[in-house]
Amino acid sequence: MALTSVFFQTMYLMLVEKSSAEDGLSSVEIMLYNAILSLPFLLFLIIATAEFPQSLFLLFEKAHSFTFFLIFILSLVMGIVLNFTMFLCTIVNSALTTTIVGVLKGVGSTTLGFLLLGGVEVHALNVTGLIINTIGGVWYSYAKYQQKRRAPKKLTSDEEAHYKEKN
């Protein structure tokens, strides 16, 4: 399941990168299209797993609680901000960069969870996995930095105009 999730996330991010590059869509427009295209699949899964009636029952049962309403709205806002920043990162950088940043975020979250929340025994296998993830992310970041440093600087239209005036 983890490999399937990574595969589909990679395909998803590559499509976001490609659609922004070819069609010039903003991250908000891509979020809208993503929501519209995802809705039929999500509805199918909700109905197929028989979660829909139970979900509605719980929603109406908890709807009168201010605490539930506050947490629900906060969760919605955080989800929107997370998707927006992920799409923006993919548009500005690349799908691969967004994936590596996600892995590094996961490493940080897992490490903080070990230290702050407890409940999980720290084994050599856990630590080794975190170290490998961190080394891979740092190595990739360094390689991208070196690649960007070696690439010829692109002139903006103002710089091009100034260069043409001089010559």
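## Helix packing and a pocket: worked exercises

Ser-27, Val-28, Ile-30, Met-31 and Asn-34 in α2 meet Ile-80, Asn-83, Phe-84, Phe-87, Leu-88 and Ile-91 in α4 (contact: heavy atoms within 4.5 Å). The model is predicted: local features need pLDDT of at least 70, side-chain atom pairs count only at pLDDT 80 or more, and totals for chains, interfaces and linings use all residues. Residues are numbered from 1 along each chain as its sequence is written, and side-chain values use heavy atoms, without hydrogens or water.

**Exercise 1.** Classify the contact of α2 with α4 by residue type.

Solution. The contact residues divide into eight nonpolar, three polar and no charged. Nonpolar covers Ala, Val, Leu, Ile, Met, Phe, Trp, Tyr, Cys and Pro; charged covers Asp, Glu, Lys and Arg; the others, Gly among them, are polar.

**Exercise 2.** Describe how α2 and α4 are arranged.

Solution. Take the spans: α2 is 27-48 and α4 is 66-92 (helices are DSSP runs of H or I, at least four residues). Next, the angle is about 120 degrees, and the axes lie 9 Å apart. Axes are lines fitted to C-alpha atoms over the stretch in contact, with angles from 0 to 180 degrees between N-to-C directions. Last, the crossing is right-handed (near helix turned clockwise from the far one by less than a right angle).

**Exercise 3.** Describe the packing of α5 on α6.

Solution. Helix α5 (95-117) packs on α6 (124-150) at about 145 degrees, axes 10 Å apart. Their crossing is left-handed (anticlockwise). Among the contact residues are Ile-100 and Phe-114 of α5, and Gly-137 and Lys-144 of α6. The division is eight nonpolar, seven polar and one charged.

**Exercise 4.** Which helix gives the most to the lining of the largest pocket?

Solution. Helix α2 does, with eight residues. The lining as a whole divides into 13 nonpolar, three polar and no charged.

Methods: Helix = DSSP H or I, 4+ residues; strand = E, 2+ residues; numbered from the N terminus.
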